[in-house]
Each structure stands twice: as C-alpha cells, then as structure tokens.
Amino acid sequence: MLGFAGTDYEKIREDFRTVKDPYSGNEIFVVPAIRPEWAVIHAIRADEMGNVVCSALESDRLAVLAAKQSIVTVEEVVPPEKLVARPGEIFLSALHIDLVVVAPRGAHPAGCVHVYGIDRAHVEEYLAAAKTPEGFSEYLARFVHGKTEEEYLGLACGKAV
Amino acid sequence: MALALEGCLPEEYLAFQVSLEVRDFERTAVGTLSPVPLLGVLHARARHAGHGKFLFFGSEDTPVTDGSRELFDLAQRGKLDLFFLSGAQVDRKGNINLTCIGEYAAPRVRLPGGAGSATLYYMTRRVVLVTLAHSPRVFVEKCDFITSAASTPHYPWRRGGPTKLITPLCTMEYDRDAAEWHLASLHPGVSSDEVRTQTGFPLMPEKVPETPSPSPSDLALMRAQIPLLRRSYPLFAGELARKIG
C-alpha cells in the first residue's frame with residue numbers, strides 16, 4: 001500500500017509497517033489482512049443450493065470472501081435458471097456461505113439493488129432520533145425491541161410493502 | 001468584492017471548471033459524495049470527452065463487478081487518469097485532511113476518514129481537488145492530520161498526485177517541484193486581496209488571469225445532464241433544478 005507514504009497514518013497505525021519489497025528493492029507499506037469472524041450481507045436472490053446473487057457495487061462479496069463464517073440474507077429464492085447475475089449484480093457461490101436466510105426487504109431502510117431504493121424518510125427519522133441516547137432508545141423501542149420481522153416491516157415500511 | 005456570476009449558479013461554475021480538467025480518451029472516476037465533480041464530468045463527457053471511460057460511484061450504473069476494489073486496482077495499475085478529492089483542510093503543500101480537526105488523540109471534530117483517498121492521491125495520474133468553501137479554516141499552513149500526502153520525495157516512487165484545486169473563489173495549480181500551490185486564476189468579481197485574506201498560506205503570483213466562464217451553450221448542455229446527476233444525487237440535483245427555475 002504505497003499510498004500511506006508521507007501520511008500521518010505512519011504515526012498512529014503501528015500495524016502499518018514498511019518492508020523491503022523483495023522484487024523491486026523499494027520500501028513499501030504493508031497492512032495486515034482484515035479477517036472478520038463473521039460477514040453478514042444482504043443479497044438479491046438465492047437458489048435452493050444456497051448460491052446467491054448480490055450487489056456488484058459494494059464490497060459485500062469481498063466481505064464474505066474474507067470472513068471465517070458468513071450469513072447471507074436474500075430477498076427471495078428462485079429456480080436455478082433465474083439466478084443469473086445482471087449488470088450491477090454478481091454471483092457468489094454457496095461454497096463461501098454458511099447460512100442463507102430468506103428475509104424480504106431485509107436491507108430496509110437501506111436499499112437493495114434493482115429491488116428497492118433507500119427509504120430516505122426513514123433514514124432521516126433515524127438520524128434525527130440517534131442524535132441523543134434518549135432518541136436512540138425510543139427509536140429501538142418503537143421499531144426493534146420486542147418486534148417481529150413482520151411487525152418491523154409493518155411499522156417501518158408498511159407503505160411500501 | 002465577492003464572486004459575481006451572471007446567469008450561472010456557483011455550483012455550475014465550479015462544475016464547469018471541473019469539466020475543463022477532463023480529457024478525451026482517458027479514464028475518469030468520480031467517488032461518492034461528489035455532486036459537483038460528477039456534474040462537471042457528465043458535462044465534459046457530453047461536451048468534449050465522449051471517447052473517455054467513466055466510473056461513477058454511488059450510481060446503479062457503475063460498471064464494476066467487485067465494488068470499490070476495482071477502482072483501487074485500476075489506480076494501482078496506472079490506468080486511472082483523473083480522480084477528484086476534497087478535504088476539510090487542504091494545506092500549503094497540497095496535503096489533505098479528512099480525519100480530524102485538532103489533535104488526533106483528542107480531536108475537536110472527528111471527520112469521516114480517508115476511505116482510500118491516500119492511495120488514490122498517490123496512484124491516480126491527476127487528482128483535482130474541489131472545495132465548496134474557501135476560508136482560512138479550510139486552507140491552512142499545515143493540516144492537523146495528513147490523511148493523503150501530496151508529495152513524498154523521500155519515497156522512491158510515486159505515480160501521480162494533485163494537479164489543480166478549484167475553490168469558490170479561485171483556481172490553483174500544484175507545482176510538483178516546489179511541492180506547493182500557485183494561484184492560477186481568480187473567479188469573476190474576486191480580488192487578489194480577498195483570496196489572500198481567505199487563504200491561510202502565502203499565494204503567488206500576484207497577477208493572474210480571470211477563470212474562464214461557461215458559454216450559454218455550455219450552460220445549456222450542463223443543465224441537460226441534471227437528469228443523469230439525479231440518479232446519483234437526487235437531493236442535490238433537485239435543489240439545483242429548483243434554483244435554476
């Protein structure tokens with residue numbers, strides 16, 4: 001990672017080290033690989049074998065490939081011939097995934113590529129609530145704590161379902 | 001005197017300056033949270049850079065299969081010609097701060113962070129900085145934290161770095177040998193004194209030309225890009241359309 005040269009990351013990140021590149025002989029920065037215990041991502045669809053198609057625009061697939069274990073939630077399960085990735089989507093093999101969970105609108109209030117966009121009104125409501133600990137607690141009480149998935153969807157995005 | 005524009009919004013004026021940095025047949029990328037650079041690049045693509053290749057993040061049309069990793073790989077391989085960055089602080093030497101205001105251990109303001117800007121500043125052939133404010137708080141002698149370094153003479157190799165800085169008052173050019181900014185042009189109605197007062201480091205030369213203004217046909221073409229801009233920045237595009245009327 002040559003880009004860290006000359007930055008203040010050199011001072012604050014002890015785990016960013018320089019080594020001599022054995023090929024060019026130049027000093028280069030190296031960073032430790034990120035190895036998450038878990039990756040949890042929301043994908044667009046799965047087949048019954050647990051292969052999925054997810055967004056190509058984010059680093060979701062990369063997170064699953066890096067993690068020791070992973071859970072992928074999906075909008076729907078489709079027949080194998082319907083799984084094919086379109087532009088903006090990418091195939092992710094069941095080989096890398098430990099659990100697939102069917103969770104329609106599981107990305108809410110964020111968006112899911114080609115299925116639904118960001119629920120801006122809800123995100124704005126959350127941002128306003130999360131400015132204070134009390135507001136955050138109220139938000140959780142209203143939408144999350146003790147609520148089933150169906151209740152959340154009814155409360156949070158009933159208008160869109 | 002302050003910026004005096006006729007028939008053109010400040011955002012459009014800055015986006016026009018961005019468009020002049022885009023060259024045909026090159027690869028240009030625009031990151032997230034960059035509505036003014038995106039408008040400028042969309043305009044350039046329609047105006048003079050129709051053979052270029054473009055990568056716009058924050059849009060469902062982004063032509064990648066592996067997220068932002070593809071942008072970084074592209075830049076590392078030397079195939080990214082032009083990218084845009086900004087900073088909460090930009091210093092005399094061209095360094096950018098996107099990390100914190102004040103001491104890192106006890107910051108007065110904690111900023112969102114660099115998100116790969118260090119590598120892109122180093123590996124992209126030309127990086128144009130665009131700021132939406134011009135004050136001594138933004139343009140400082142030395143950044144509180146250097147998130148992305150403009151010049152690294154003590155390292156053996158570097159591909160690119162800053163070339164130009166576009167602000168609401170002026171444009172500056174980066175002198176790689178001196179490793180600092182030079183004043184390049186003043187926007188209409190902006191005096192040399194005003195820019196110096198609003199900049200926290202010395203700026204030379206004294207006399208510079210006026211920044212070019214978009215022609216009526218440029219403005220019309222740029223405004224025709226607003227529907228495309230809206231796909232990435234619905235709120236910004238909506239507000240722009242409202243101000244244009």
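1. Two strands count as paired if DSSP finds at least two bridges between them. Strands β1 (residues 17-20) and β2 (residues 27-30) of chain A qualify: four bridges join them, and they run antiparallel. A:R17 stands opposite A:V30 in β2(A). Six residues lie between the strands of this hairpin. One of them to check is A:G25, whose phi is positive, near 85 degrees. Bear in mind that the model is predicted.

2. Domains of chain A. The domain assignment gives domain 1 (1-32), domain 2 (34-106) and domain 3 (119-161). How far apart do the C-alpha centres of domain 1 and domain 3 of chain A lie? The separation is 43 Å.

3. The open sheet of chain A. Five strands make up this sheet, in the order β6-β4-β3-β5-β7. The pairing is mixed. Which strands sit at the edges? They are β6 (89-92) and β7 (99-102) of chain A, and each pairs on one side only. From one strand to the next, the twist averages 40 degrees.

4. Strand β3 (residues 38-46) of chain A and strand β4 (residues 52-55) of chain A pair in the antiparallel sense. At one position A:R45 has A:V53 of β4(A) as its bridge partner.

5. The hairpin of β11 and β12 in chain B. Strand β11 (residues 170-175) and strand β12 (residues 180-186) of chain B run antiparallel, joined by six bridges. B:C170 is bridged to B:L186 in β12(B). The hairpin has four residues between its strands. Here B:A179 takes a positive phi, near 55 degrees.

6. Helix packing in chain B. Helix α1 (residues 10-21) of chain B packs against helix α2 (residues 35-47) of chain B, with their axes 7 Å apart. The angle is about 55 degrees. From α1(B), the contact residues are B:E11, B:L14, B:A15, B:F16, B:V18 and B:S19. From α2(B), they include B:V36, B:P37, B:L39, B:V41 and B:R47. By class, the contact of α1(B) with α2(B) has nine nonpolar, three polar and two charged residues.

7. The contact between the chains. How many residues of chain A touch chain B? The count is 20, in contact with 23 residues of chain B. On the side of chain A, the elements giving two or more residues are α1 (9-12) and α2 (60-66). That side of chain A has 11 nonpolar, six polar and three charged residues.

8. Cis peptide bonds. The bond from A:H108 to A:P109 is cis, with omega near 10 degrees. A:P109 is in the loop between β7 and α3 (120-129) of chain A. In chain B, the bond from B:M204 to B:P205 is cis, with omega near -5 degrees. B:P205 is in the loop between α5 (192-197) and α6 (216-223) of chain B.

9. A positive phi in a loop of chain B. B:A115 is a residue other than glycine, yet its phi is positive, near 50 degrees. Where is B:A115 placed? The loop between β7 (107-110) and α4 (117-123) of chain B holds this residue.

Note on methods
Residues are numbered from 1 along each chain as its sequence is written. Chains are lettered from A and ligands numbered from 1 in the order in which they are written. This is a predicted model: local features need pLDDT of at least 70, side-chain atom pairs count only at pLDDT 80 or more; totals for chains, interfaces and linings use all residues. Domain bounds come from an automatic or database domain assignment. Axes are lines fitted to C-alpha atoms, for helices over the stretch in contact, and angles run from 0 to 180 degrees between N-to-C directions. Two residues are in contact if their C-beta atoms, placed from the backbone, lie within 7 Å. Ala, Val, Leu, Ile, Met, Phe, Trp, Tyr, Cys and Pro count as nonpolar, Asp, Glu, Lys and Arg as charged, and the others, Gly among them, as polar.
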